[in-house]
Amino acid sequence: MNSHDYEENEPLHFVTPLKYSKALSEFIPGATELYIKLENCQPSGSYKIRGVGRLARKLKERGCQQLVSASGGNAGVAAAYASRIIDIPCTVYVPQSTEPACIKLIKDNGAQVKIVGSSYSMAEEIAIKEAENPGIGFLSPYNHAEIWAGNSTMMDELKVQLPSKPSTIVLSVGGGGLLLGVLKGLERLGWQDVPVVAMETFGAHCFNLSVKAKKIVALEKITSIAKCLGARTVAPHLLEILPHFNIISEVVTDAQAVRSCIKFADDEHILVEPGCGATLSAVYCGVLEKLQTEGVLPHLTMGPVVVIVCGGNSVSLSLLKEWAENFNVPFP
Amino acid sequence: MSSKDSDERPLHIVTPLLRSVALAKHLPMCKNVYLKMENCQVSGSFKMRGFGHLCQKLKQEGCQYLVVTSSGNTGLAVASASQIIGIPCTVFLPENSPLVSAERLQKNGAQVVVKGADVTAAAMFAQEEAKKCGALYIDPMDPRVWTGHSTVVDELVMQLSDKPSVIVAAVGDGGLLTGVLKGLERAGWQDVPVVAMETVGTHCLNLSVTAKKITVLDKITSIAICLGSSVINPYLWDILPQFNVISEVVTDAQAIRSCIKFADDECTIVEPGCGASLASVYCGVLTRLHAEGKLPHLESRPAVIIVCGGRSVSLHLLQDWAKQFNVPFPST
């Protein structure tokens with residue numbers, strides 16, 4: 001989309017394909033069909049444009065003349081893309097660990113990039129401070145009701161695209177923006193009973209720690225390579241609404257996530273980041289099967305399974321190879 | 001989709017049209033470069049458009065058993081379509097097909113018979129079988145296939161705000177190209193240049209254009225076997241003069257280099273036949289054509305590359321081909 005093609009009420013995201021995956025379905029018992037929701041086909045490379053696009057528009061409507069955001073990568077690309085389309089200047093604060101590919105994409109979309117500090121939380125602190133100045137709006141990557149409302153549009157698409165109500169939805173959790181969006185969508189559709197398997201990697205598993213402690217727990221440091229899941233805490237609202245839904249928190253290792261990225265590249269010809277690899281590990285590493293055996297997912301085979309391929313720009317053939325070497329995972 | 005729904009709704013989906021910042025860098029004079037992502041299509045390539053449409057029509061006419069000859073994506077499209085509409089299907093493969101092709105077809109519900117030294121011989125056996133069993137033999141040159149393929153242009157009309165400056169498509173037997181031309185006619189876009197890409201060793205269209213008459217390739221010597229037809233369909237030859245088709249050829253090395261670059265740029269892995277389309281950008285074909293005055297609107301209107309998709313590729317194969325053609329893997 002170009003800025004002159006954009007119409008005021010039109011969403012900035014696309015309706016993405018829901019593709020039946022024969023290869024992944026084979027990992028689910030019975031004749032259960034598994035579908036992948038291809039958020040990698042969004043214009044900014046990940047699902048984030050759904051929420052970020054919506055919030056950016058709202059901030060401009062409310063009179064902001066400039067937007068600031070903080071991101072470890074994909075939210076920054078979404079912020080830059082959205083700002084370009086709705087024609088508002090944008091600065092994205094990123095930590096030093098941000099992949100050069102993401103920094104390039106943010107700049108290619110016309111936004112300024114400021115590399116600050118060693119962690120996402122430092123970048124977020126600086127961006128929020130900057131937004132205290134008049135006329136500047138903070139484009140939160142995951143912690144805002146408009147973000148969750150935007151992300152929830154994925155569920156409306158699934159209702160139309162699926163042959164029947166899903167038995168299970170699988171996704172990854174960073175700050176919880178995607179999960180909150182899915183939950184808001186489930187509520188709207190009257191599907192609150194649909195189990196959502198929320199995947200993280202060790203070293204980026206703040207949601208899992210919070211669920212176990214029954215309160216918000218902040219990770220000291222992100223030690224996983226899945227930087228796109230690298231929020232130190234989840235949005236507090238997620239813990240508030242958890243009891244109204246059926247969320248199952250699971251954690252896999254970086255090695256499992258990388259192995260899943262490689263398998264997926266061969267099965268579906270899409271390169272994904274390790275954060276998305278965590279989602280796919282639910283299938284490839286037997287997490288869903290284990291949950292069924294344990295009685296946590298008793299209805300797994302009674303309807304289609306949906307895996308949200310969240311997308312992400314920080315992946316390439318050489319990164320995949322490098323991760324495979326680092327984690328002793330065979331690269332074909 | 002239920003068997004009843006599949007009688008009415010098309011079996012293919014509307015695929016994303018994504019703006020590519022990465023490819024635009026190789027075509028700086030171009031207004032925008034868009035990718036029509038047929039790799040996201042049901043069955044993994046654009047072929048579901050035409051063969052899905054044909055299978056639906058054949059079922060409506062009372063067909064109860066389908067037979068087809070294919071070494072790859074056509075077979076997959078027919079197998080997937082047959083499963084959706086609930087009719088059994090047998091795919092005849094030539095003996096020189098990779099083993100994985102037969103396995104993939106079987107996993108998609110087709111009966112597979114491997115017989116015949118090449119596609120022509122396999123087709124003979126397939127036609128005999130169809131006669132024997134009262135099955136319908138799928139003719140890839142059935143005009144309904146081109147009608148189905150032409151829907152790709154209907155989507156471009158909806159998705160673009162501007163008439164394209166050029167459309168790039170790979171050519172095997174010319175089915176996709178014929179469909180694109182029919183779509184251009186319907187849209188009133190007959191003057192849009194279509195750059196028809198082939199590889200050396202599958203370049204039957206180029207030979208025909210050079211000789212000014214239909215010319216048969218002696219032998220398929222390219223690795224892009226998905227483009228491996230020895231002759232284009234005669235109907236395409238008849239209608240060619242009514243359009244602005246520019247025939248271009250690249251080497252296997254250029255196609256492979258483009259596949260590898262595309263995997264890094266757009267996180268999508270494609271077959272060498274599709275690499276040929278991408279080589280139009282990566283290897284300067286469109287730049288040269290623009291300099292020659294053949295793409296007069298490149299600077300003011302968007303370019304569209306049809307990413308035709310295809311399942312016969314993997315990380316392992318990409319690396320093998322990279323070694324074979326002395327191409328860096330990953331791309332530098």
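Domain 1 and domain 2 of chain B bury about 1,600 Å² between them, counting the accessible area (1.4 Å probe) that the two parts lose on being put together, summed over both. Of that area, 52% sits on carbon and sulfur atoms. This is a predicted model, so local features need pLDDT of at least 70 and side-chain atom pairs count only at pLDDT 80 or more, while totals for chains, interfaces and linings use all residues. Residues are numbered from 1 along each chain as its sequence is written, chains are lettered from A in the order in which they are written, and side-chain values use heavy atoms, with hydrogens and water left out.

As for who is who, domain 1 takes in 17–45 + 143–325 of chain B and domain 2 takes in 47–137, with bounds from an automatic or database domain assignment. Their centres, taken over C-alpha atoms, lie 25 Å apart. Contact (heavy atoms within 4.5 Å) links 19 residues of domain 1 with 16 residues of domain 2.

Three salt bridges turn up across this interface, each being a side-chain nitrogen of Lys or Arg within 4 Å of a carboxyl oxygen of Asp or Glu. Glu61(B) pairs up with Arg144(B) in a salt bridge, with 2.7 Å between the closest N and O atoms.

On the side of domain 1 that touches domain 2, helix 7 (143–149) and helix 8 (151–159) of chain B each supply at least two residues; helices here are DSSP runs (H or I, at least four residues), numbered from the N terminus. Helix 7 gives the most, with five residues.
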